[in-house]
Amino acid sequence: MTDTRVVLYDPLGLIEAELPLDRELHKGLVKAVLRWTGDPGLPSADFQQITLLLTGAARAVAADVRRAATLLPQEHAARVLADVVLEEADRRLSVPAEGTARCTQRHARLVRALYERLDRLVSATPEPAKTP
């Protein structure tokens with residue numbers, strides 16, 4: 001039997017940078033999850049699946065935030081704040097999912113915060129100089 005797996009070496013995350021995020025899907029899911037008041041009565045497995053989707057989105061957006069932050073000077077306020085937000089994201093994502101509405105909502109708030117930080121970084125990034 002032949003092993004058909006391929007391992008990609010991508011230390012700079014360039015492959016990930018080429019994959020577009022479905023931002024509208026994530027925003028819709030975040031909005032729906034944050035509308036829950038109390039426990040919506042879903043099975044634990046459903047909470048875990050939603051949390052997994054939000055975790056994947058958070059990791060992808062965090063990677064975009066990291067890339068956008070590197071385009072700014074080290075001492076730029078937006079970059080410093082991005083580093084703080086990324087440290088918090090890493091801390092939150094290192095905790096195993098609980099399969100509860102509360103856990104799922106924490107992940108939804110994280111995705112929302114990362115998108116907000118990404119938007120601020122993109123607006124703070126200077127336009128590249130155009131050559132004639």
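User: In which helix is the place of His 107?
Analyst: His 107 is placed in helix α5; helices are DSSP runs of H or I with at least four residues, strands are runs of E with at least two, and both are numbered from the N terminus. This is a predicted model, in which local features need pLDDT of at least 70 and side-chain atom pairs count only at pLDDT 80 or more, while totals for chains, interfaces and linings use all residues. Residues are numbered from 1 along each chain as its sequence is written, and side-chain values use heavy atoms, with hydrogens and water left out.

User: Is His 107 buried or exposed?
Analyst: A residue is buried under 20% relative accessible area, exposed over 50% and partly exposed in between (1.4 Å probe, protein chains only). With a relative accessible area of 8%, His 107 is buried. Its contacts (heavy atoms within 4.5 Å), leaving aside neighbours within four places in sequence, are Thr 51, Leu 54, Thr 55 and Leu 93.

User: How many helices and strands does the chain have?
Analyst: The chain has 5 helices and 0 strands, in the order α-α-α-α-α along the sequence. Of its 132 residues, 33% count as buried. Among contacts with a separation of 6 or more, 76% join residues 24 or more positions apart.

User: Which residues does Ala 58 touch, not counting residues up to four places away in sequence?
Analyst: Ala 58, which lies in helix α3, touches Leu 93, Leu 110, Val 111 and Leu 114 on that count. At 0% relative accessibility, Ala 58 is buried. Between Ala 58 and Arg 109 the C-alpha distance is 9.7 Å, and they are 51 residues apart in sequence.

User: At what angle do α2 and α3 pack?
Analyst: Helix α2 (residues 23-34) and α3 pack at about 130 degrees, with axes 11 Å apart. That makes α2 oblique to α3. From α2, the contact is made by His 26, Leu 29, Val 30 and Val 33, and from α3 by Ile 50, Leu 53, Leu 54 and Ala 57. By class, these are 7 nonpolar, 1 polar and no charged residues.

User: How far apart are the axes of α2 and α5?
Analyst: The axes of α2 and α5 are 9 Å apart, at an angle of about 135 degrees. The two helices are therefore oblique to each other. On the α2 side, Arg 23, His 26, Val 30, Val 33 and Leu 34 take part, meeting α5 residues that include Thr 104, Ala 108, Arg 112 and Asp 119. The contact of α2 with α5 has 6 nonpolar, 3 polar and 4 charged residues.

Technical notes: Axes are lines fitted to C-alpha atoms, for helices over the stretch in contact, and angles run from 0 to 180 degrees between N-to-C directions. Angles under 35 degrees count as roughly parallel, over 145 as roughly antiparallel, 65 to 115 as roughly perpendicular and the rest as oblique. Ala, Val, Leu, Ile, Met, Phe, Trp, Tyr, Cys and Pro count as nonpolar, Asp, Glu, Lys and Arg as charged, and the others, Gly among them, as polar.
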